[in-house]
Amino acid sequence: MPGRRPLAAALRTPTGATAAVVLAGLLFLAAFAPAIWGAEARHVDVAHLLEGSSGRHPLGTDNLGRDVLARLLVATRQSLGLAVLAVLVATLIGVPLGALPAVLGRRAGRIVNAVIDFAVAFPALLLAIFVAIVAGVGAQSAVLAIGIAGAPSAARLTQTLAASIAGSDYVAAARLAGVPRRRLLLRHVLPNIGEPLILNLTLAVGGALLAMSGLSFLGLGVQAPAYDWGRMLNEGLERVYVSPAAALGPGTAVVIAGLAFNGLGEALAQVVSTRPVHGGRRRDAGHPVDEPAPVAVGDEAPVLTVSRLSVHIPTAAGEITPVREISFTVSRGEIVGIVGESGSGKSLTAMAVGRLLAAPAYATAARLEFLGADLRAKPTRTLRRLLGTSRAVVFQDPATTLNPSLTVGRQLTEVSEVHQRMPRREARLRAVSRLRSVRIPSPERRLRQYPHQLSGGMRQRAMIAMGLMGEPQLIIADEPTSALDVTVQQQILRLLRQVNEDTGAAALLITHDIAVVAETCRRVLVMYAGRIVEELDVRTLCERPAHPYTRALIASVPDMATDRDSPLATIAGRPPQPAEIPDGCGFAARCAFATERCRAERPPLLPLAPGQSAACWHPRTEPLPALTDAVSA
Amino acid sequence: MTALRVRDLSVRFDGAGGRSLTAVAGVDLDVPSGQVVGLVGESGSGKSTLARALVGLVPITGGSVELDGRPLDQRTKGRRRVQMVFQDPYASLDPRMTIGETVGEVVAAAGRVPRATRAAEVERLLELVALDPAHSRRLPRELSGGQRQRAAIARALAAQPDVLLADEITSALDVSVQGAILNLIRDLQRRLGLTVLFISHNLSVVRYVSDAVAVMYLGKIVETGPVDHVIADPQHPYTRMLLDAVPRLGAATRPGPAGADGDVADPHHPPTGCRFHPRCPVGPLVDPTRRLCVTESPDDGASRRRHRSACHFAEPAPASQLTKVAKQASEVG
């Protein structure tokens, strides 16, 4: 997962790796070239003036007969060094200026911002040339000029980064507590913008190198007898038609160095901006597990058959298995809930079933069948169409799963146009009817709107409507209401049930809220540490859950009947990380009823009563007292 | 005695192109000393803006905030008397500072503890929120969500506040952890006599921790009263709608009343009269004779209705509440 070490991740991309190798080479040259080729670069040879390229002088010689290639290599230090100096100047001016608004009051901050805005708008190269001429010709003034010209963008960068930190909750909290402004800047703002700031300024060296070479080329920068690539380009250009190598050499060096810096920046930006999203690269739920396990088939043919499904994620510390050999079925027209805390594996299960796992996660299963089609197989056109039209997916945050740059209508009709080959007009009519069926008022108008013009509840309905564009047999809803308000949550759950009743589509509802599951589903799977610990119908869930974890989950959530005078039941400890799931029962460490057997031997999921299975050596049998009172009351 | 007294508070944001938004529109709210007042409402109701305005993170456009009868000034140097715990403990702790540094910084800023005993004070605060003092050397990312929220609470307590604002402090946490944080808030409130404004969209949570409750809709408080009374006998149809929407174990989804599919109105253009009327299941949507809801604001006369309900059709207040209102009015007058 990218994030913590963007540099390391960037170096693993092809662009990043190439750029890094080139940069390392340049740094090596800057460090050692003067020592190795310095003598040769200085060696005046009047017998060979202004020669073209030859075996002895691959890039020819200059007007004093010195080897151009040696001079080119030696000039690396001067070229890079001046660029680095220029960036340092830009940093010294720009960073304090950009950080100022974060410490100043609202009004003074605005004035500084206006100054920065104005300076950024001024063309940097023009400013550099202007300063260079005013300050006099020479390397020093060129460095100063490029530094001053680069300062506004350094200031802008600092200001943007600092503003995002200044707006964070932890700075707000520190400010509330009366922490002085200066300390806010030094302790909270600067340390947190340091990493991206240093990174970006390092990359600015590439730009400074180009600018520096430009000034030297114009004769405003490095003066003889000193030389950098820009100056060599200038000298070489005079006789470019006679011996092109003398000009091409330094030119190529500038281009390569510029490309290397920009390439690294490009790779870094890519790593930082790619977050693992559901729409990311997908890997198939391939890899069959050998021995097929028996599957319980109900009286109706199941829509979804899952047998011994595991989800694996390779990490730097080895492979983890957050979902471990779970088996379940979803029958036609059934709403099944999967409930569990974060890290229980419930969402990964849903993703695996929907063939939506983002790489590098992958699934293995003995059986994974959707409407009789093997989901482990390579995706054929038939399978894709089956998934596209018969399976609908609703995610937690509709703001991120709808494309912000396409109208709602376009996104809805796309489904039918692509998978059902429906003409656009017909698809549009269907979209209107689907939006109406999810009770979105004035659907014709909504079709022309963009996702941001819809409220959260409305977007979630639009997502469901999108699923209904096909003929869904299964709706996978992953925390569809967690980002919504209670009243909207109720609307969406009601809608889900209505769709289920009207179309007979089965649904798999994943949530952390056991009350939501209890209100909406017929059957519930309780997941803990990657396994199903209890499977039961909703009535049993409310009256007689057997697994201590299920009971603890119910008891720890206050409802409208909770006794206000006694503390809420809590579950001590925290769930095990996927890497450290114990051999025995995953819940044993937190369970009040755990024995030696629980810690040593993993309890299998076994039937206890009709419609109830639990993976527990000591299943509870007494009814839930508080709850039955509440239900009857 | 009233600890926090908010009168006619308004917060307006001036957007681009003259699109101003009144997020808090004339709110009256009392948080009595040593009590927990729950503030419920949906997103967009203005409850978080109200909290941010109370601590000075958002400028107040109109109205007054008093603490023990004196105007509250959060800008003065020294101890800040109102502290806030934020929703997301992953965002409210500086990722580069240890828990001890974060809490210690506030202890230092509050300036009530001599330098020599600051470390001991940090330890005391961590113990107060049931965090192992050894955690003071850890970075936030080394702690679980629940532990981080405990640290955030310890930081707020470090300023020795008179009033604590808790803004959705459990909604970013896992269910099994929520309970422990709620227990902690109740425990702290009882042991330290804390005055708490507890903001949440979850009525069951508010019911569990609060003595009194205020229901907010589109920038206004529409009903307020002792939590038992409001839940047993809700007067405002919006309160009833919220109560109906609470998911319950053992209750299948019920068909919703009329208006239940409506969305919160656009706060840029709040509806005329009663702001709830386009969604109201007893308003003009179902009963066209109730034009009153479209034309008249129900705010006037709220004090004469039960739970100060901002609904034209709420029941009148019982005699006891009216005498209290009269007494308060004479105190103010």
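Of the contacts in chain B with a separation of 6 or more, 63% join residues 24 or more positions apart, a contact being heavy atoms within 4.5 Å. The secondary structure of this chain comprises 10 helices and 10 strands, taken as DSSP runs (helices H or I of at least four residues, strands E of at least two) numbered from the N terminus.

The model is predicted, with pLDDT of at least 70 required for local features and 80 or more for side-chain atom pairs, whereas totals for chains, interfaces and linings use all residues. Residues are numbered from 1 along each chain as its sequence is written, chains are lettered from A and ligands numbered from 1 in the order in which they are written, and side-chain values use heavy atoms, without hydrogens or water.

In chain A, 8 strands form an open sheet of mixed pairing, in the order β7-β8-β9-β3-β10-β11-β13-β12; two strands pair if DSSP finds at least two bridges between them. The edges are β7 (391–394) and β12 (606–609), each pairing on one side only. Within this sheet, β3 (residues 335–339) and β10 (residues 523–528) of chain A run parallel over 4 bridges, and Gly337(A) has Val524(A) as its bridge partner in β10(A). Helix α21 (residues 548–556) of chain A lies across β10 and β11 (531–537), at about 100 degrees to β10(A); axes are lines fitted to C-alpha atoms, for helices over the stretch in contact, with angles from 0 to 180 degrees between N-to-C directions.

Elsewhere in chain A, Val44(A) lies in the loop between α2 (14–42) and α3 (68–103). Val44(A) counts as partly exposed because its relative accessibility is 43%, between the 20% limit for buried and the 50% limit for exposed.

How values were computed. Buried < 20%, exposed > 50% of the residue type's maximum accessible area, 1.4 Å probe, protein only.
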